[in-house]
Amino acid sequence: MAPHPVVQYTSEASWNMVEDKFSPYAKETLAKLIKFLEDEVFPARALIHAQLPDEPVQRWNTVIPAIEELKVKAKKQGLWNLFLSKEHYPEFGVPLTNLEYAVMAEILGRGGHFAPQVVNCSAPDTGNMEVLARYGNAEQQRKWLIPLLNGEIRSSFAMTEKHVASSDATNIRTSIVQDGNDIVINGHKWWISGAGDPRCKLHLVMGKSDPHNKSTYNQQSVVIVPADTPGIKIIRPMKVFGYDDAPEGHCEIIYDNVRVPVGNLVLGWGRGFEIIQGRLGPGRIHHCMRSIGAAQNALDTMLRRVTDPKKKTFGKYLHEHGTVIADIAHSRAEIESARLLVLSAALQIDKYKAKGALKEIGIAKFVVPSMALQVVDRAIQSFGAEGVCQDQELASTWAGLRTLRIADGPDAVHIQQVGQRELRRVPDLVKREQDRAKKEKALLEKAGVKAHL
């Protein structure tokens, strides 16, 4: 029996470890996805880049034709909304677990930011769809979730603010207040992914609705704001190391007396933290899944470069220089290790939902992007000057991965949270050590042996 085609893209060992946890449907879907990416998506990279104009106004008003054509093909093949597990969202999801999707997301990660979009699995829409599927009421789901699930519209998630340290979400200052039958929003946000896209039809906005609540975690609410609501002012797209990520972008936005109906409140007043915790957990692990694929793609690119006979230096292939082969080995080991972290976190989410997998998600979140950055950096080095220019995708991949060390909570926050969780184990560790010491003492006394301190 021929091995599953996924082993060409991940590793035989990691596939052997999870294969028995894949349903026949998941195995078939994974094989179909790989073929679709090989035949349709990966060859379209150059065309997609060519169809995005350089002219600033056109650039932000372009819906890339090749992506839209690929979306139609993907949907026909059932390669659609793969991230949304039927186990957690029975009404809207597909019959895939988070573990099964993790392997698919890794393969998608090889196609840059557009490959997930082709199968309707790209941020920030994925997280927003999960919010609406889990917390939205029937009318909100009809009006906003269904078009998102169908890929007819796009969305943004507005949480981060310009003038505060947004890594601590309790610092958020955007005002959300009720005025009769309306909710009025005033605030200054930035790094709002997706807000520049001409297809963006809604913003999910988080702000402070009860600033005097004794609980700092019950002061925030989340509101659906249609993108064409008066008072929304998109100031500019933010650039990441010079990349603007058009047409989606990461925008700076001012909400100036923006009014929406009270019915646009999600879940209820003061439930904002509950919502973002439910949203960010899966989103963080999706980023890590794709980062593994980006790292693997960078290593494959490096391998082709260092064995290219046209690129010999000092009479040798690049791989014949000692530091290069060491870089290859370290990259291979680091990818394999990080993949296990991601797969274990995905399995925990399947068993206990995101809330029960916070430790595993947190570890993956600060380990995986840093790992991927190192692997991509080594690949860049093997290309020399070509590695940092637009002729290779390595530079833009590096920029995107570097952003992930800040997005959805900076490394320091996740490291602190994981460390604090470890410290909670201390009382049990001390008790177990005390129990062991008692047994040891009893054995020594019974044997007539004097204990040495």
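Me: Take a salt bridge as a side-chain nitrogen of Lys or Arg within 4 Å of a carboxyl oxygen of Asp or Glu. What makes glutamate 440 and arginine 436 such a pair?

Reply: The closest N and O atoms of glutamate 440 and arginine 436 are 2.9 Å apart, which is inside the limit of 4 Å, so the pair counts as a salt bridge. This is a predicted model, in which local features need pLDDT of at least 70 and side-chain atom pairs count only at pLDDT 80 or more, while totals for chains, interfaces and linings use all residues. Residues are numbered from 1 along each chain as its sequence is written, and side-chain values use heavy atoms, with hydrogens and water left out.

Me: Where do glutamate 440 and arginine 436 lie?

Reply: Both are in helix 15, four residues apart, about one turn of the helix. Helices (H or I, at least four residues) and strands (E, at least two) are DSSP runs, numbered from the N terminus.

Me: Why is glutamate 440 called partly exposed?

Reply: Its relative accessible area is 40%. Buried means under 20%, exposed over 50% and partly exposed in between (1.4 Å probe, protein chains only), so glutamate 440 falls in the middle class. Arginine 436, at 38%, is partly exposed as well.

Me: Why is the pair of tyrosine 217 and phenylalanine 273 given the name it has?

Reply: A search finds four aromatic pairs. In this one the ring centres are 4.8 Å apart and the planes are at 90°, so the pair is edge-to-face. Rings of Phe, Tyr and Trp (its six-membered ring) pair if their centres lie within 6.5 Å; planes under 30 degrees apart are stacked, over 60 edge-to-face and the rest tilted. Tyrosine 217 lies in the loop between strand 4 (200-208) and strand 5 (220-226) and phenylalanine 273 in helix 10 (residues 272-306), so the pair ties together parts 56 residues apart in sequence.

Me: What makes phenylalanine 241 and tryptophan 398 an aromatic pair?

Reply: Their rings are 5.4 Å apart, centre to centre, with 65° between the planes, and the pair is edge-to-face. Phenylalanine 241 is in the loop between strand 6 (232-237) and strand 7 (250-261) and tryptophan 398 in helix 13 (residues 394-404), so parts 157 residues apart are tied together. Phenylalanine 241 is exposed at 56%, whereas tryptophan 398 is partly exposed at 24%.
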